[in-house]
Amino acid sequence: MLLHLFFSLFVFFTLIDNGNAGVTSSFVRKEFPAVDIPLDNEVFAVPKGYNAPQQVHITQGDYEGKSVIVSWVTPDKPGSSEVRYGLSKGKYDFTAKGSFTNYTFYTYKSGYIHKCFLNGLQYDTKYYYEIGNGDSARNFWFETPPKVDPDASYTFGIIGDLGQTYNSLSTLQHYMSSGAKSVLFVGDLSYADRYKYHDVGVRWDSWGRFVEPSTAYQPWIWNTGNHEIEYMPYMGEVTMFKSYLYRYPTPYQASNSTSPLWYSIRRASAHIIVLSTYSPFVKYTPQWKWLREEFKNIDREKTPWLIVLMHVPIYNSNVAHFMEGESMRSVFEAWFIEHKVDVIFAGHVHAYERSYRISNIHFNISSGDPYPVPDETAPVYITVGDGGNKEGLAARFRDPQPDYSAFRESSYGHSTLEIKNRTHAFYHWNRNDDGKKVKIDSFVLHNLYWGQNHHQRKSKQNRLRSLILNRASTAQL
């Protein structure tokens, strides 16, 4: 029996390594209608109290995980930009003062958008915080990550293309029961750009209240997608990413980035790089120069897990958005392999797909293999653009399934990445199956840096031991 089990596992992992066991799921989603939830629904409820803070969200505020940015909106007047916080519920020993701003979008005028940094926090600690005053004050909490360390365990959730439909709500509720500590968000937040005129701003506000049950309590690491561009000349709005940049701050300056749209952070044992698909990235542009320098700052002895977030997938076998990521692939793929990126998460395609470790870096227009090939030094590419937005699912995959595609399914859901130590992490994709969370695709992710280094060190140790034994044997003769 054990021998049979061993043989079965051997065959399975051999197929996985060789990239010949791709699966196209036959699951057919009985989805809720892909329409936004009405504004009078309780998920968009405005908190009680005059000018009460709403749309509360936090994100990491520095490079190392000892700072948090708290952001919120007051609808009627500025009020206080102060955050009171401490280690006990209701006892706030510390105070931080922030700032506020607002903006207009066509005839819409935003509330007062507050931003406050909480600096010098302790690692692996639960903090309680309060914003607002008097009867309108609101209380929340968050947990800081463990100290940056190669064996620090940590669980990330991964969500993309969320929107504010009933399918979006299902994804959000399932994620909140996952046990993950922070969200890696791969772009396309509110889908407010599917509206016109005044309603664009209204749907940004509703989305902020919609996600607050999660975003107020744990950091979401933000990235942008095409639905954040909001280039709408017919309304006189031509400033790209305007609503997003006012509402969702990022710690870009901590990683010496010149734009909030691309940046990096360290969190527990992971180094996370956020790239902007819809900002210039070709050679000599600011994003290209920044990424070249940021790769030099990565210390895999401290943060062994190297994760990249982008919006448009580099490898995608869905009919929707096929080959849209080709330009970024041609610019950055060689760097991803050179620096041993472990996994790249993307969205944009409203379906789920995971690749094998493959690369396509040997073709230079005039010569070389033009097709992706198995490559043990390459990242795993995962598309999670299945959050649930109003555009619905991307139901058509290209046929036949390409060799580089390991698993694909047109359904809504979210992912989790549970980092155990410097060498192994558990990955799960969780389908929203008619109101239930179902784990469908899972695998053990092996760290590229430590896995290869471990084998090299073990080989050197074995050679050294053999040399010592040989010398000892010779001496005895």
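**Salt bridges up close**

A search across the whole structure turns up 17 salt bridges (a side-chain nitrogen of Lys or Arg within 4 Å of a carboxyl oxygen of Asp or Glu). This is a predicted model, where local features need pLDDT of at least 70, side-chain atom pairs count only at pLDDT 80 or more, and totals for chains, interfaces and linings use all residues. Residues are numbered from 1 along each chain as its sequence is written, and side-chain values use heavy atoms, with hydrogens and water left out.

**View A. Glutamate 130 pairs up with arginine 84.** Their closest N and O atoms sit 2.9 Å apart. The pair links distant parts of the chain, 46 residues apart: glutamate 130 is in strand 10 (residues 126-131) and arginine 84 in strand 4 (residues 82-86). Strands here are DSSP runs of E, at least two residues, numbered from the N terminus. Both partners are buried (under 20% relative accessible area; exposed is over 50%, partly exposed in between; 1.4 Å probe, protein chains only).

**View B. Glutamate 409 meets arginine 431 in a salt bridge.** The N to O distance is 2.6 Å. Glutamate 409 belongs to strand 23 (residues 405-409) and arginine 431 to strand 25 (residues 424-433), so the pair ties together parts 22 residues apart in sequence. Glutamate 409 counts as buried because its relative accessibility is 0%, and arginine 431 does too, at 8%.

**View C. Glu82, Arg84 and Glu130 form one network.** Salt bridges that share partners do the joining.

**View D. Glutamate 293 bridges to arginine 292.** Here the closest N and O atoms are 3.7 Å apart. Glutamate 293 is partly exposed at 37% relative accessibility, and arginine 292 is partly exposed at 35%.

Key
Helices (H or I, at least four residues) and strands (E, at least two) are DSSP runs, numbered from the N terminus.
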